[in-house]
Amino acid sequence: MSEHLFHDRRDAGRALAGLLGAYRGRHDVVVLAMPLGGALVAAEIAEALHAPLDVLVVRGLGVPGQEDLLMGAVAAHGVIALNEDVVRGLAIDPEVVEHVAAWEGREVQRWERHYREDRPARRVEGAVAILADDGLAAGARLRAAVRALRLMRPARLVVALPAACEPTVRELAEEADEVVCATAPAAFLSPARCYRRTAETTAGEARELLRRRADGRGVGRVPAVAAGVVEPREGAARTEALLGMVGDAGLVLIGAASNGTREFHAARVELTRALIEEKGFGAVAILADWPDAHRVDGYTRGAGTDTTGEQALRGFRRFPAWAWRNTVVLDFVEWLRRHNLRLPAGAPAVGFYGLDLYCMHRAVAEVVTRLDAVDPSAAARARAALAHGHLGREDLGAGVHRGGGGFSAFPGGEPVLPGEGGEPLFAAACGAGERREREIVARLAQVRRAALRRARERGMPAEDELFYGERVRLAMDTAEEHDRALFRGRICSWNLRDRHMADTLGALLDHLGGHRDDPARIVVWGTIPHLGDARATEAACRGELSVGGLVRERYPGDCRLLGLTGYTGTVTAAPRWGAPPASVPSGPAVPGSVEALFHEVGAKDFLVTFPGGGAFDSARPEHVLADVIPSTGDGEYVRARVGDQFDAVVHIDETHAVDPLDAAPAFPPGG
């Protein structure tokens with residue numbers, strides 16, 4: 001499967017047009033393309049905003065004899081931007097720079113006439129000028145274009161890029177009034193990675209696009225078509241269709257847009273029961289700490305000391321407890337116990353496993369507790385950092401606005417990049433000192449060993465004992481690396497954890513298969529960022545992995561990825577990390593998003609499968625609701641090609657907050 005966010009430059013232009021929606025329909029907007037790469041991007045923006053289209057030609061200044069090495073760029077009005085490192089490093093004489101710039105400056109004028117075909121340049125003075133490129137140009141070319149455009153005295157100068165690395169955006173933000181970017185690749189990745197197709201645009205194509213806009217015609221965009229097969233089915237009919245989609249696959253991953261939605265939990269339980277009863281699935285694996293899930297596993301097998309499902313779920317006390325300790329999961333746990341106890345003697349019970357042997361939730365709680373004792377201000381900063389994103393991941397949502405799936409940078413403040421501007425999960429703790437960091441990492445090792453030891457002391461099936469011991473040994477070998485990544489690792493901590501959980505899932509599959517006549521089959525519960533295929537989202541541009549993507553790579557054809565989405569309603573979330581949860585509003589989803597497109601179907605509950613092509617084969621904002629939603633927020637939007645991210649999606653148009661077992665006063669009766 002392609003790991004690129006955008007199909008091509010047209011697709012990228014449509015994504016940017018959504019982020020620039022505030023300028024739609026205004027009479028003072030002009031869009032300027034940087035040909036050749038920016039022509040298709042700008043044309044899509046201009047058409048969506050109902051704005052005129054023009055060009056701003058920039059020519060690179062090649063080093064004589066090494067023309068592929070640029071020492072700078074020149075734009076209209078003779079504006080030059082130099083790459084000072086190259087000029088100084090090669091000791092290039094100023095007269096040489098002047099000579100090359102004069103030559104290329106004449107080429108700028110010639111190409112502008114060529115593209116415009118004798119039409120006059122669009123008036124920029126006093127207008128909102130949106131400069132669009134494909135993000136692949138050298139920084140000097142972009143800086144030269146911005147400086148040349150500034151000389152034309154626009155009222156507002158906006159730079160629009162589908163993809164750009166952080167240093168480029170920071171430089172542009174110093175000179176532009178606004179920088180709008182759909183996604184930010186990691187600094188070590190090229191923006192070209194965000195494109196599936198990067199075939200060169202020809203000069204003839206650029207001229208045709210300008211001609212069409214000048215004549216009031218469309219730019220030749222192919223209209224979006226239906227994404228896939230929409231089946232408005234509920235209950236048993238929907239489950240039957242999903243079972244048909246699963247077929248003989250041995251792994252089914254069900255990723256929900258939130259941990260706090262009643263209907264998502266119910267749909268997941270409904271399908272899981274059917275997979276167990278009709279397809280012979282032998283285990284449920286959740287993205288949670290192994291010891292907490294092990295306690296539930298013992299109860300469902302009729303072992304251990306817990307006498308009720310509620311007691312068995314008491315291991316899930318750490319934030320966000322409601323993810324698993326809620327009324328829907330409780331009903332499933334009781335059902336699973338009844339199912340296992342009814343099995344014939346000798347038949348293998350259905351297991352309930354946690355994939356996280358790093359005990360991440362325990363580790364996070366322990367870090368904050370330790371910081372409270374040694375440095376309360378660092379503890380407060382850590383809680384604030386945790387509020388911004390998913391566990392083990394840097395701030396994903398800080399730069400994402402209601403426009404969905406992008407960010408804007410303004411001069412006078414640092415541009416905020418999803419996944420790149422955020423700090424490591426516990427960077428705030430570094431303020432407590434490196435010695436404190438070492439103490440905390442050592443303490444985490446103690447907490448982890450104690451938790452895993454208690455799990456073993458509760459007892460487990462004999463066939464699981466050896467497997468458990470081996471996985472614990474492997475986890476302990478890498479746990480310190482993971483813990484240090486919490487302080488320093490950015491993407492690293494997320495990738496370590498997801499790779500670890502994918503490894504545990506594979507080992508569990510092998511282990512269970514060794515004790516059955518038939519191959520083992522497992523259903524996995526978690527959230528979209530983990531269980532969707534990250535290669536189909538902007539996360540791939542940051543170098544981020546996911547369990548879903550890793551499983552697809554390792555078990556091609558033997559896995560199915562199912563997403564659960566909603567348009568509007570309520571969700572269980574907390575206003576800050578560690579705070580009691582409440583039922584808070586969610587949505588409606590922003591226009592142009594995956595959920596908004598599903599909403600247009602007009603059905604309240606339906607299944608979508610993706611045969612390929614169509615509207616969902618393009619990147620759209622996708623609503624993901626974190627466990628922390630401030631009073632002024634509504635989750636985050638991440639750009640995704642949902643048709644590649646999942647094999648199917650169950651969309652539930654209106655959803656409700658799940659009921660925690662430890663109900664807070666903020667929950668009305670019945671949710």
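## Helix H4 by the numbers

The expected span of a helix is 1.5 Å times one less than its number of residues. In this predicted model, helix H4 (residues 94–116) has 23 residues, so the expected figure is 33 Å. From first C-alpha to last, H4 reaches 33 Å, close to that expectation.

## What H4 buries

Which residues of H4 are buried? Val97, Val100, Ala101, Gly105, Val108 and Tyr115 are among them, and so are the charged Glu104, Glu107, Glu112 and Arg116. The cover over these buried residues includes strands E2 (53–55), E3 (59–63), E4 (66–74) and E5 (80–82), along with helix H7.

## H4 against H7

Now for that helix partner. The axes of H4 and H7 come within 8 Å and cross at roughly 55 degrees, which makes H4 oblique to H7. On the H4 side, Trp111, His114 and Tyr115 make the contact; H7 brings Ala203, Ala206, Arg207 and Leu210. Sorted by class, that's 5 nonpolar, 1 polar and 1 charged residues. Tyr115 turns up here as a contact residue and is also on the buried list.

## H2 against H7

H7 (residues 203–214) also packs with helix H2 (residues 38–49), at an angle of about 15 degrees and with the axes 10 Å apart. That makes H2 roughly parallel to H7, and their crossing is left-handed.

H2 puts Ala39, Leu40, Ala43, Ala46 and Glu47 into the contact, while H7 supplies Ala206, Leu209 and Arg213. The class tally is 6 nonpolar, no polar and 2 charged residues. Ala206 of H7 takes part in this contact and in the one with H4.

How values were computed:
Residues are numbered from 1 along each chain as its sequence is written. This is a predicted model: local features need pLDDT of at least 70, side-chain atom pairs count only at pLDDT 80 or more; totals for chains, interfaces and linings use all residues. Side-chain values use heavy atoms; hydrogens and water are left out. Axes are lines fitted to C-alpha atoms, for helices over the stretch in contact, and angles run from 0 to 180 degrees between N-to-C directions. Helices (H or I, at least four residues) and strands (E, at least two) are DSSP runs, numbered from the N terminus. Angles under 35 degrees count as roughly parallel, over 145 as roughly antiparallel, 65 to 115 as roughly perpendicular and the rest as oblique. A crossing is left-handed if the near helix is turned anticlockwise from the far one by less than a right angle, and right-handed if clockwise. Contact means heavy atoms within 4.5 Å. Buried means under 20% relative accessible area, exposed over 50%, partly exposed in between (1.4 Å probe, protein chains only).
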